[in-house]
Amino acid sequence: MDNLIRLNIKGISYSQTQTGAYALILEEKVGGRKLPIIIGSFEAQSIALALEKDINPPRPLTHDLFVSLGKEFHLNVDSIYIYKLEDGVFYSNIVFLNEDGNRAEIDSRTSDAIALAVRFNAPIYAYEHVVEKAGIHLDIVQEEEDNISRTVNQIEDELDLLAGLENDLNEYEGWTKDELDTEMKKAVQNEDYELAARLRDQIDNMEN
């Protein structure tokens with residue numbers, strides 16, 4: 001059986017090949033190979049919010065609901081692994097454990113599996129043959145390596161492109177940190193997470 005390769009989330013980039021989609025970039029923990037996985041805007045936002053610990057939506061997203069159910073029924077996500085790539089689609093399983101140590105594997109879309117893995121702090125794996133096969137699709141990553149090396153703090157900026165947000169943060173020039181913080185909290189309450197993220201970045205820039 002092929003060996004499992006541990007993967008980390010490298011970042012999320014606006015897809016250059018599919019309009020209205022995002023490329024989730026996974027990278028080998030050891031080795032440096034990358035897997036670009038095309039995901040939708042909802043999944044991109046869900047993963048980004050899970051990675052950003054300082055933004056809490058006032059109401060749970062769908063993946064947050066799974067976390068609440070897991071805690072209620074003593075289920076934990078042990079790991080997820082990508083086991084197949086076929087016709088450009090990645091196939092994944094989620095490994096669940098209950099409090100008695102019983103194990104179950106559930107088939108899942110890869111984007112959903114990763115959104116849950118981030119929330120449960122579970123490791124992400126792919127089989128060696130998947131990593132090898134996906135390597136031939138890395139042209140977008142290789143051609144735009146400088147642009148794609150985005151950190152987690154820049155993910156929400158990419159989400160703004162899809163949402164069509166054209167409001168410029170220059171309108172907040174001259175605002176104090178407390179005023180920006182109050183405006184960010186209002187944005188979170190209104191579930192305008194893209195604006196909240198941009199305001200948070202503005203606050204971070206003031207502190208640096």
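I begin with a pair of helices: the crossing of α2 and α3 is right-handed, a crossing being left-handed if the near helix is turned anticlockwise from the far one by less than a right angle, and right-handed if clockwise. The contact, meaning heavy atoms within 4.5 Å, is made by His63, Asp64, Phe66 and Val67 of α2 together with Asp112, Ala115, Leu116, Arg119 and Phe120 of α3. The axes of α2, residues 62–72, and α3 come within 10 Å and cross at roughly 55°. These axes are lines fitted to C-alpha atoms, for helices over the stretch in contact, and angles run from 0 to 180 degrees between N-to-C directions. The two helices are therefore oblique to each other; angles under 35 degrees count as roughly parallel, over 145 as roughly antiparallel, 65 to 115 as roughly perpendicular and the rest as oblique.

A word on the source. This is a predicted model, in which local features need pLDDT of at least 70 and side-chain atom pairs count only at pLDDT 80 or more, while totals for chains, interfaces and linings use all residues. Residues are numbered from 1 along each chain as its sequence is written, and side-chain values use heavy atoms, with hydrogens and water left out.

As for the whole protein, it has nine helices and seven strands; these are DSSP runs numbered from the N terminus, helices being H or I of at least four residues and strands E of at least two. Of the 208 residues, 44% are buried, where buried means under 20% relative accessible area, exposed over 50%, and partly exposed in between, with a 1.4 Å probe and protein chains only.

Among the buried residues of α1 are Glu43, Ile47 and Leu49.

I turn now to the sheet. Seven strands form an open sheet in the order β3-β2-β1-β7-β4-β5-β6, with mixed pairing; two strands pair if DSSP finds at least two bridges between them. At the edges stand β3 (34–39) and β6 (103–109), each with a single partner strand, so one side of each is left without a neighbour in the sheet. From one strand to the next, the twist averages 35°.

Consider strand β2, residues 22–28. Seven of its seven residues are buried, so β2 is largely enclosed by the rest of the structure. Tyr22, Leu24, Leu26 and Glu28 point one way from β2, and Ala23, Ile25 and Glu27 point the other way. β2 runs antiparallel to β1, joined by seven bridges, and Ser13 stands opposite Ala23 in β2. On β3, β2 pairs in the antiparallel sense over six bridges, with Pro36 as the bridge partner of Ile25. In the hairpin of β2 and β3, five residues lie between the strands, and Gly31 takes a positive phi near 130°.

Finally, β1 (residues 4–14) pairs with β7 (residues 124–127) in the antiparallel sense over four bridges. There, Ile124 in β7 is the bridge partner of Leu7.
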